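Here are a few notes to read alongside the model. Have a look at it before going on.

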Amino acid sequence: MQFSGSNRRKLLKVASDRRDQYPLSLQFYLQPPTENISLMEFESLAVDRLKLLKVIENLGVSYVKGSKEYNSKLESELRALKFPYKAFLDEDYDARRKDHISHFILRLAYCQTEELRRWFIQQEMDLFRYRFCQLNEQLIEKFLESVHLEYEAIPNSEKQSVSELLRNSTSGLGGVKVEECVFYKLSARSLPVVQSDERLQPLLSHLSHAYVGPDYSTEKNTGKISLEQIDALSIKSFPPCMRQLHKALRDNHHLRHGGRMQYGLFLKGIGLTLEQALQFWKSEFIRGKVDADKFDKGYAYSIRHNYGKEGKRTDYTPFSCMKIIMSNPPGQGDYHGCPFRHSDPELLKQKLQSYQISPTGISQILDLVKGMHYQLACQKYFELTHDVNEIGFSLNHPNQYFAESQQLLGNIRREQRQPESSQPKHSSQKGDNTVSASSSLNTTEEMELEELEGYFAED
């Protein structure tokens, strides 16, 4: 194939413009993206960055930030998700574009509450720090010039006077020596405010508790869990949120609607059939204050609805960790939610003691809870109760916890576990403008569940 001189110059200009737009794999995200993208790409970019930030959170707790092992694992994840991982790489435009756009998408999604903002900023800071530390002094100066920052290196004399502040600012970086580092003094600058299109608001709202793994709607072991096994399974293979609900149901012979939804869908996901579920809930409720006739006329409908046999006949999926953590917090008399997120620390400590967790283990879990690493606290609970040093996966779903526990205990074969998909799940409707959030519940499904919750919220 041959090109004329004019066409060759145009191609070179396009290539040059692309390089100028993202000269480094490090940026302050000063200008929001202005190009048009499809909703499908919008969601895909957001999901990949969310997966990356979850990994960063996990690595930051499991390894010393900036250590060789930390950097190696983070670089591997950046490569796998096709984000920039070096300061200069040829033909790196697509990765840098993805980095730029996905940052702004999640900025919109995570600006909605103070808790979400703190989590997002912390992970982005850690990502920025990793990339910044890949630069040598010459590239650092080039980066600071490229973002038009007024800066100057702090001289040793001044560094000594603020050494304590500098030491505190690098306390999480594994024994960095202030005397051996170069610090820069920068002028403050505000970041741009980004507004979202109202058409994107449902997607952005769901991204804040998005889940991108298996949805556990169809399990190969459906019907293989007997009712007689549930008590034993609740102790050895249920995550604390479901163990708490099971105990409350056995003690009180009743759960309010939020608990029935969270626990009922979990039981469905681990293999309980509709017939077993009706028998399980009915036998427990009639031991309380609900007679058989009232159960059949009221409560049985919502159970059949969860299994797609009533209403719009949607095959509802179990709640993910982020769904449980970020929505429908428990109130007085409720037992649903995440114990690590919604329990008083002292009550949580007592509960962990009753589960025979060692004092050292309890201290480790409470430290993670204090840092708002609720899913990592659950991972630590898994390690302590299964006597493993490192579980080797990121825990994002109660049914994932159950499946991993059963596989570790030798009760299910490895091939029965659902592989995690990196692709978001889309709704069955056609058209580029119809996209669901990549969570364990898509947008339409979650709205239907909320309608059902309102209908049955009498108890």
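Which residues have the most contacts inside the largest nonpolar core?

1. They are Phe 238, Tyr 263, Leu 267, Trp 281 and Phe 340, in a core of 55 residues. A nonpolar core here is a set of buried Ala, Val, Leu, Ile, Met, Phe, Trp, Tyr and Cys residues joined through side-chain atoms within 4.5 Å, with buried meaning under 20% relative accessible area (1.4 Å probe, protein chains only). Helix H19 (residues 374-386) supplies the largest share, six residues. Another core, of 26 residues, lies apart from this one and includes Leu 50 and Tyr 130.

2. A word on the basis: this is a predicted model, where local features need pLDDT of at least 70 and side-chain atom pairs pLDDT 80 or more, while totals for chains, interfaces and linings use all residues. Residues are numbered from 1 along each chain as its sequence is written, and side-chain values use heavy atoms, leaving out hydrogens and water.

3. Back to Phe 238: beyond its neighbours within four places in sequence, its contacts (heavy atoms within 4.5 Å) include Tyr 263, Leu 267, Tyr 401 and Arg 243.

4. Now look at Asp 126, in helix H5 (residues 114-132). Asp 126 counts as buried because its relative accessibility is 3%. Its side chain makes polar contacts (N or O atoms within 3.5 Å, one able to donate a hydrogen and the other to accept it) with the side chains of Lys 65, at 2.9 Å, and Arg 129, at 2.8 Å. Setting aside neighbours within four places in sequence, Asp 126 also touches Ile 56 and Tyr 70.

Terms used
Buried means under 20% relative accessible area, exposed over 50%, partly exposed in between (1.4 Å probe, protein chains only). Helices (H or I, at least four residues) and strands (E, at least two) are DSSP runs, numbered from the N terminus.
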